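Please look over the structure shown here. The report below takes up its strands, its confidence and its nonpolar cores.

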Amino acid sequence: MFFRKKPKPGEKFQEAALEHLDALYGTALRMTANEAEAEDLVQDTYVRALRFAGKFEEGTNLKAWMFKMMVNLFINRYRRDRRLREVREGTECRDMVERTIDQDKLSLALAPEEYFFEKLFSDDVVRALAELPLEFKLVVLLVDINGFSYARGAEILGIPMGTVMSRLHRGRRLLRASLYEFALREGYVKEESNSQTVQPADLDQYRQHRRGH
Amino acid sequence: MDCRELDKFLQVYLDGELDPEDSEALERHLRSCPRCQARADYEARFVKAIKVRVPKPVAPDSFRERLAAAVARESEPRPVARRLMWGSIPAAAALAMVITFTWTVTSGFTPLVREAVNQHSLAPAVDVNASDMATVEDWFRKKVDFNVALPRFRSRSFNLVGARLSKLAERRAALIRYQRSGHRFSLFVVTDSGGDLAGQRCERVGSKEFCLTEQKGYTVAQWRSRGLVYSLVGDATPQEMIEVLSSNLSFP
């Protein structure tokens, strides 16, 4: 007669790892902004995870472990590709960052009443997120979109928790700035709302404005 | 806490990462300072707006299936030669390994069984919901280049749920989903490429031979009929599988 085999540890691991497929795929899609690349990245992550399954310590967070593996694969690939691209085209991303930072000041001068971001559509936000510089984008994806804690984010990215906090803060502000710029362009908000004469909204705004100059 | 300090801690507070003591101090300040309260609302609403606007896509079924195949390849046993080189394994154990190995891979249908199990465990959604055989058979008519004739199950507890197209070992397959007392069963139908069926053991029920494989906690029963190979995967013991199959009126 048959004897019923217990599943091997590797199989249990495989099953548990597959539970995080959607979260990994969704994040890969945001990182690569390309379905085929996202699929490749996730597949490579799983193959690698299985190969190193023995190194995973039971009882620790499998989801974070998988994310760490994926982020590392992505960063290595991204660096390699970017080096190639820079050699080929001599492009600099610095311009974009500088420009966004200028916009950042602008958005800080906004009256808090202006909830312009609530008028935006998903596509607008996805696009702005895609344009964020990588180090900010990763933190926003992990903490805001995937709900990881600062500590898990630090573990996944291999950086100190304080760095996670500052990148998250900065990332959100950059995101807000680029969304604001977009909202202005699309006419969701009017330029006047940015002037000093708005609202009794005040001292805080004035301070921020002053700090901005 | 004053406005300047609040500025430093607000994000951390809103992210729920500030310790209780500091949170309390910050909340006290918020209650006494409408401007900071407005700012806190603003920041909170911004983060919330981002969260709700960034969609969380799910992996497409086609990718799920490809991934399952890649994962299965990765967890395949190493070649025999490699195993035999392990000097530390006693000869008898090594021999046993070879036997198990040849036993499970001599059939050309083994990769198909493995992929069938993976697909079954990933439970892709069905493309057509139907509880009657005619609808399902008809649905496949223009989608696969073979006649998907379904087995007729006598048992009332074995219910047809739906069907979808699938791919097993690079071959087009019909996937039919059944339900039996809360458990899913997947029946995969492909054209018969000949050779031995895959199974750790074969049993005869009536005039049919069923080859049974246990894998990942599932049982697969494989049989052939009129130029097609059927693989039924389910969360059942081999005995239960045989019971299900013997409740069959007629096999296509």
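## Strands in chain B

In this predicted model, strand E6 (residues 201-205) of chain B runs antiparallel to strand E7 (residues 208-215) of chain B, and five bridges join them. Strands are DSSP runs (E, at least two residues), numbered from the N terminus. Two of them pair if DSSP finds at least two bridges between them. Val205(B) has Lys208(B) in E7(B) as its bridge partner.

E7(B) also pairs with strand E8 (residues 218-225) of chain B, antiparallel, over five bridges. Here Glu214(B) is bridged to Thr219(B) in E8(B).

## Confidence in chain A

The average pLDDT (the predictor's confidence in each residue, from 0 to 100) of chain A is 77. At least 70 is reached by 69% of its residues.

Two stretches of chain A stay under 50: residues 1-7 and residues 103-107. Where pLDDT is low, the predicted coordinates should not be read in detail.

## Nonpolar cores

A nonpolar core is a set of buried Ala, Val, Leu, Ile, Met, Phe, Trp, Tyr and Cys residues joined through C-beta atoms within 7 Å. Buried means 20 or more other C-beta atoms within 10 Å of the residue's own, with C-beta atoms placed from the backbone. The largest core has 50 residues; Ala28(A), Met70(A) and Val140(A) touch the most other members. A separate core of 37 residues includes Val113(B), Val117(B), Phe210(B) and Leu232(B).

## Conventions

Residues are numbered from 1 along each chain as its sequence is written, and chains are lettered from A and ligands numbered from 1 in the order in which they are written. The model is predicted: local features need pLDDT of at least 70, side-chain atom pairs count only at pLDDT 80 or more, and totals for chains, interfaces and linings use all residues.

How values were computed
Helix = DSSP H or I, 4+ residues; strand = E, 2+ residues; numbered from the N terminus. Contact = placed C-beta atoms within 7 Å. Buried ≥ 20, exposed ≤ 12 C-beta atoms within 10 Å, placed from the backbone.
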